[in-house]
Amino acid sequence: MPPPSDIVKVAIEWPGANAQLIEIDQKKPLSSIIREVCDGQFSWTRARAARQLLDRIQSHGIDARLEALKELAKLSADPTFAAEFINMEGIGTLARLVESGTHFGEMLAFTLTAFLELMDHGIVSWDLISLSFIKQIAGYVNQPMVDVSILQRSLAILESMVLNSHSLYHRVAQEITVGQLIGHLQVSNQEIQTYAIALINALFLKAPEDRRQVSTCPRRKKTEMASTLAQKHLRSIILNHVIRGNRPIKAEMAHQLYVLQVLTFNLLEERMMTKMDPSDQAQRDIIFELRRIAFDGENDASGTEKRKAVYTKDYKMLGFTNHVNPAMDFTQTPPGMLALDNMLYLAKLHQDTYIRIVLENSSREDKHECPFGRCAIELTRMLCEVLQVGELPNEGCNDYHPMFFTHDRAWEEFFCVCIQLLNKTWKEMRATAEDFNKVMQVVREQITRALAMKPSSLDQLKGKFRALSYSEILRLRQSERMSQDDFQSPPIIELRERIQPEILELIKQQRLNRLCEGSCFRKLGNRRRQEKFWFCRLSLNHKVLHYGDLDESPQGEVPFELLTDKIPVSDIKSVVTGKDCPHMKEKSALKQNKEVLELAFSILYDPDENLNFVAPNKYEYCIWTDGLCALLGREMASDLTRSDLDTLISMEMKLRLLDLENITIPEAPPPVPKEPSTYNFTYNYG
């Protein structure tokens, strides 16, 4: 069968290579054909470079080997080169160099850098790594005096092993202890501190359940990892040497602190999801203890019936919903047994506060009493939602709270402060049982506003709560309502409709201008440190997207000359987001990360190719998806567009209506007056 008439064979010769016969589809755009030819040359060049470097690395000359490893460390970030080098058994060669233990200083640092970059491409499984290699890398971490660059690479390699291989987790955990890593937190180098916390987080995250849960204590589940961290005073070391250190917290350190905070709170998940067993006497004893502490020495009664009546009365005063069997109040999850744990902590460690809250409400008879039990259960549920207990850390989040590192029992202490706030707000609102949900809404707002201010200690949190009284919350709500006020009379609605197209055009121009300035994006990988970047920007005539790789994050605008790749806007078929993106379908681990999914978008262009993005933040995501939609003539539908549209329309309307201030605008236009009885009137200018 003859080949299709559109397919032609052409001999192409690249510099330094023999000519090759390749097939070219004449239906494809010329730009696509040129790109394929150039890619072929690029691949051949990379294969030759990989072979030459591998030969030089295995040479006997020390200087030649050092220069080869230095060059390899730079080229390993390139996916095409990495694939060629790995196919030549390059990974095994580097691993043997490390295992030999004969390389030190710069040569070892470049070897580890190249190894880490090559493994980060995901071409080779981490499970193939030998035990001797792990021991050698762990040895560098455990050495008291080792070069900073070698220590950084070693910590990063161990973190990647733990995160990417279940079997390697056990091997690394046998070689590295938390105590050995804590020493690296007490240095002045924040990069080393960051790598050390990242490895601790990886060990924490990947610890199997049978190792995490080692106790079935009815009052609080203990975990091996949590107890180890407590014994080694990790929290206080992080607080004193990192958070309160002399250097500002960088973004990556903030992320690792956030991850550690999330993982620590996630230890509460089992108790949060455990229902109380009303027939379990040990659990019932906790409720008896709450009653005893609050009413010790009071209401003693002899006889089963009298005692039962007294207990029922006491449980009612404690604020439980089920007065006869309060254990039933803890059968809903969340918060499950976690609420009872919080109440017991308050009763035992803040006994005066507990007794005061219970007694001052139980003695009231005006229906304004605050039900302690019901409030504590609902507050625990609320705190679990606000702090996202049980959820995995988000990739792009740096939202850690310094005050949670100031106390070994930060969660319980936070609850104790919040329950006092709830009691205070209840009294300020003069609430009754019917107002329970309203009070909880106000308290939630008080807590979220206070947390947004990032208090550095629990004492500062108390100060924020004092300032955020019920009257202050009402004032803030009123102020926000006034700033967002949108008049609903027909003339105002008509004015808004007339203004909207102008504002949308203004937003469109701003988005396109931002695309012309360009943005830097992070390449997806298994590690966050030693990040790879690329830059993309729109040509000034809005016809071509230019993009290319960068060695580091740029400080300003990147010239078009440095961006070697381009896509004609006319070739773009569509823009997809979230789970529809090709790189989100490929990255199974990332598919579960809500934060990354919300920042992912892809350009699909002819012929059946794509350019994948993960925006650095939500703002850049909205800018780029809006701008690309504007280029394609589609509606800009991001949250940022809606926000900008509301803000700009509101400002424009207020400016146009400035002369009508304090004048009531009628719902309908005034009636047209009747015609005059005679038109015999003149205007005398004399």
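In the predicted model, strand β4 directs Phe533, Phe535 and Arg537 to one side and Trp534, Cys536 and Leu538 to the other, and all are buried (under 20% relative accessible area, with exposed meaning over 50% and partly exposed in between; 1.4 Å probe, protein chains only). The strand spans residues 533-538 and is mostly covered, with six of its six residues buried. Strands are DSSP runs of E of at least two residues, and helices are runs of H or I of at least four, numbered from the N terminus. Residues are numbered from 1 along each chain as its sequence is written. Local features need pLDDT of at least 70 in this predicted model, and side-chain atom pairs count only at pLDDT 80 or more, whereas totals for chains, interfaces and linings use all residues; side-chain values use heavy atoms, without hydrogens and water.

Strand β4 runs antiparallel to β3 (residues 519-522), to which four bridges join it; pairing requires at least two DSSP bridges between two strands. Opposite Phe533 of β4 stands Arg522. With β5 (residues 544-550), β4 pairs in the antiparallel sense over six bridges, and Leu538 has Leu545 of β5 as its bridge partner. Five residues lie between the strands in the hairpin of β4 and β5, where His542 takes a positive phi near 65 degrees.

Elsewhere, Asp63 is located in helix α2, which covers residues 62-75. Asp63 counts as exposed because its relative accessibility is 61%. Together with Glu67, Glu106 and Asp147, Asp63 forms a negative surface patch. Patches are made of residues with over 30% relative accessible area and no salt bridge, like charges being joined within 9 Å and nonpolar side chains (Val, Leu, Ile, Met, Phe, Trp, Tyr) within 5 Å; a salt bridge is a side-chain nitrogen of Lys or Arg within 4 Å of a carboxyl oxygen of Asp or Glu.

How values were computed: Areas by Shrake-Rupley, 256 points an atom, 1.4 Å probe, with all protein chains shown as cover. Lys, Arg positive; Asp, Glu negative; His and termini not counted. Charge placed at Lys NZ, Arg CZ, Asp CG, Glu CD.
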